[in-house]
Amino acid sequence: GSICQYFHSVCGSFINYYETEKNHEQEIRVLFFGLYCIVAFFLIICGSVINNALTARIREGKREIGTLRAVGADLKVLSSSYIRQLLVIFGWGYGIGFGLYIVGYLLYVAIRKSMEWNKDLFELRMVETLVLCSILFVICAVNLVFKIRKEMKHSIVENIREL
């Protein structure tokens, strides 16, 4: 191609289309990096809130955990009970979140078509969203198992002291 494809003269000065396009792409990359950081920040907040809520439930139920432990319940049984609770929490959260996500995307598509925008800025990214949600669930489940294991050790001591 010729140099005329990349430059255009306006009032005696040149506009570099290549540099303008590169700057535009860089701005978009920075914008999406910022958005990904915000998403990661919200995932961290969600994980913290969920873990704090389940830790509070475990602390409230430490007497029951001690009793179940005394009659022979092991870590697997207790963990599965709390992981089912975690699944319910995540199920509702994921259902509502994905529902809002799809509704928002459909609104975006409708607005884009009505405004006749040529460029599609957003894509429906279900795989990435599912991966991030799965990672959040695994982190919360692992933390939950460690909290239950810790509470099981303390609950036996508490039950012995009460006797």
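Select Phe 98 first: at 14% relative accessibility, Phe 98 counts as buried (under 20% relative accessible area; exposed is over 50%, partly exposed in between; 1.4 Å probe, protein chains only). The model is predicted, so local features need pLDDT of at least 70 and side-chain atom pairs pLDDT 80 or more, while totals for chains, interfaces and linings use all residues. Numbering runs from 1 along each chain as its sequence is written, and side-chain values use heavy atoms, without hydrogens or water.

At 23% relative accessibility, Tyr 94 counts as partly exposed. Tyr 94 and Phe 98 sit four residues apart in helix α3 (residues 75-115), so about one helical turn separates them. Helices here are DSSP runs of H or I, at least four residues; strands are runs of E, at least two; both are numbered from the N terminus.

Stay in helix α3 and select Tyr 105 and Tyr 108, three residues apart, about one turn of the helix. Tyr 108 is buried, at 14% relative accessibility.

Now show the rings. The structure holds five aromatic pairs (Phe, Tyr or Trp rings, the last by its six-membered ring, with centres within 6.5 Å; planes under 30 degrees apart are stacked, over 60 edge-to-face, the rest tilted). Tyr 94 and Phe 98 are edge-to-face, because their ring centres lie 6.3 Å apart with planes at 70°.

Zoom out. From the N terminus, the elements run β-β-α-α-α-α. Buried residues make up 18% of the 163 residues.
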